[in-house]
Amino acid sequence: MRFRLTEEEERFQREVSQWCQEEVPAQLRERPILGNHYILGAGAVGDITDADYQLIKQFTLKLGEKGWLRIGWPEEYGGIRMSPVERAIISEELRRHRGWHIRMADLPGMIIAHGTKEQKDYWLPSLGRGEIATCLVLSEPDAGSDMANCKCRAVLEGDHFIVQGMKHYLSQAQRADYGQLLVLTDPEARKRHGLSRFICDMHAPGVTVRPMLDMAGEVELNEVWFDDVRIPKDWLIGTLNECWLEMNMDAPVGGVGAGTSIDPFDAFIDYCKETYRNGKPLSKDPEVRRKLAHLAIDHAVMTQISWQGLSNNQRNFGKPRKAVTPQSVGGGIQSVGASTLPMISKEWNPRFAQAVMEIMGPVGLLSAGSEWAPLEGWAERHYRMRGFETHAHGTIEVLKMVVATRGLGLPRGPGS
Ligand SMILES: Cc1cc2nc3c(=O)[nH]c(=O)nc-3n(C[C@H](O)[C@H](O)[C@H](O)COP(=O)(O)OP(=O)(O)OC[C@H]3O[C@@H](n4cnc5c(N)ncnc54)[C@H](O)[C@@H]3O)c2cc1C
């Protein structure tokens, strides 16, 4: 099946592209690609300097003015209605023009779905204007895939919860103003009960953010220590001790969604066509062609799945969301649809990075900044980044388990 934009959608795409050309700061637009620097819904990653970050903050305010940070929000909070395809177009165009925004998607979905009116009135306006940078404060050393094993404690004392504990692998926590924090509020409760979610002030006394140098040599992740941190009790979002199910029911909002993702595969194919070795283009070399053909097949599958997901969402646009129940949620927090594509791409990406290095040869090792580095040093960084990305947003094994049990109806394995 071929998926295509309608004429109206193509017109919208041209408008968004035009807006990006006019509004994205030139300093960002002209930066090299450097791997997977995609920002919407995820926040800026990688080697973003403080000066860049200021530009990103300013550009985020423009997105706020445009209303694109409030797509799908309730009307009374300035929400605007857009179809999944329109969201994907915005996301795609912003990415193409390096229209990066600060990370801000960790709070609105939770507040809109589970917050009180007072909480919505308090938090949503500034989030919708793009004034608050956020982070997700869930993972702990013994609570990654098994998030319900959370040990970070919060105890009610008067008008405040006092938080004690540690979290790690937190993306962009060093830039965040507020975080979505998961804590244990009832240690006696059965597993998956006794957990609660709060908004935490990342600058509050007792919060220590320590950067973690990752294996790619970059600092995107952080460990965060909470030492008797006081959180106002009305910053509890949702039901005390029973946030597990609620985590699956957050409103599907928060900036512009990921949409169909462009990856550098096409750029690499062009590179193979344009780069000559021993008097002929790399793309004419039978060994290179064999490698590219293998990658292209999987790439086509991923593209198709991505479009199919978008097309399904488009068809269901405006219909009520299917209710989430304890039975449909099971033990985890991810859905089949959301698990299939990352599962495939997490296996494909390292194969792609390896093949790129083999095809490029030694020049592939040159990093950004070198005048001889092909594709602005993208290959070198892409190769370095692949190792740890397999863990972000759920590991391959966990994603496979979700697809097997909830997608294919297979029985759960021992211990899962
Ligand atoms: C780049 C990056 C960004 C991240 N950003 C954030 C963030 O912003 N906020 C946040 O809270 N966390 C974040 N994380 C943490 C991430 O959510 C965890 O790394 C992830 O959930 C896996 O947990 P873990 O690292 O503790 O590995 P573990 O859960 O300890 O897993 C170790 C290994 O055991 C396997 N395994 C575990 N359980 C099972 C099972 N039941 N069956 C089969 N195999 C299993 C896993 O697949 C894996 O190979 C980030 C991680 C990375 C790498």
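I count a residue as buried if 20 or more other C-beta atoms lie within 10 Å of its own. On that basis I find 34% of the 416 residues of the chain buried. I am working from a predicted model.

**Entry: the chain overall.** I looked up the secondary structure and found 13 helices and 10 strands. I then turned to contacts with a separation of 6 or more, and residues 24 or more positions apart account for 73% of them.

**Entry: the ligand.** I listed the shell around the ligand, which comes to 21 residues. The closest are Leu-138, Gly-144, Ser-145, Thr-395 and Glu-397. I checked which elements give two or more residues to this shell and noted β1 (134-137), α12 (378-389) and α13 (396-407). I sorted the shell by class and got 11 nonpolar, 8 polar and 2 charged residues. I also looked up the domains: domain 2 (134-241) and domain 3 (265-407) each supply at least three residues to the shell.

**Entry: α4 and α9.** How do the axes of α4 and α9 cross? I took helix α4 as residues 84-96 and helix α9 as residues 286-316, and their axes come within 8 Å and cross at roughly 135°. Angles over 145 degrees would count as roughly antiparallel, and α4 and α9 are therefore oblique to each other. I then looked up the residues that meet: Pro-84, Val-85 and Ala-88 on the α4 side, and Leu-310, Asn-313 and Gln-314 on the α9 side. By class, I recorded 4 nonpolar and 2 polar residues in this contact, with no charged residues.

Definitions and conventions: Residues are numbered from 1 along each chain as its sequence is written. This is a predicted model: local features need pLDDT of at least 70, side-chain atom pairs count only at pLDDT 80 or more; totals for chains, interfaces and linings use all residues. A residue is near a molecule or strand if its C-beta atom, placed from the backbone, lies within 6 Å of it. Helices (H or I, at least four residues) and strands (E, at least two) are DSSP runs, numbered from the N terminus. Ala, Val, Leu, Ile, Met, Phe, Trp, Tyr, Cys and Pro count as nonpolar, Asp, Glu, Lys and Arg as charged, and the others, Gly among them, as polar. Domain bounds come from an automatic or database domain assignment. Axes are lines fitted to C-alpha atoms, for helices over the stretch in contact, and angles run from 0 to 180 degrees between N-to-C directions. Angles under 35 degrees count as roughly parallel, over 145 as roughly antiparallel, 65 to 115 as roughly perpendicular and the rest as oblique. Two residues are in contact if their C-beta atoms, placed from the backbone, lie within 7 Å. A residue is buried if 20 or more other C-beta atoms lie within 10 Å of its own, exposed if 12 or fewer, and partly exposed in between; C-beta atoms are placed from the backbone.
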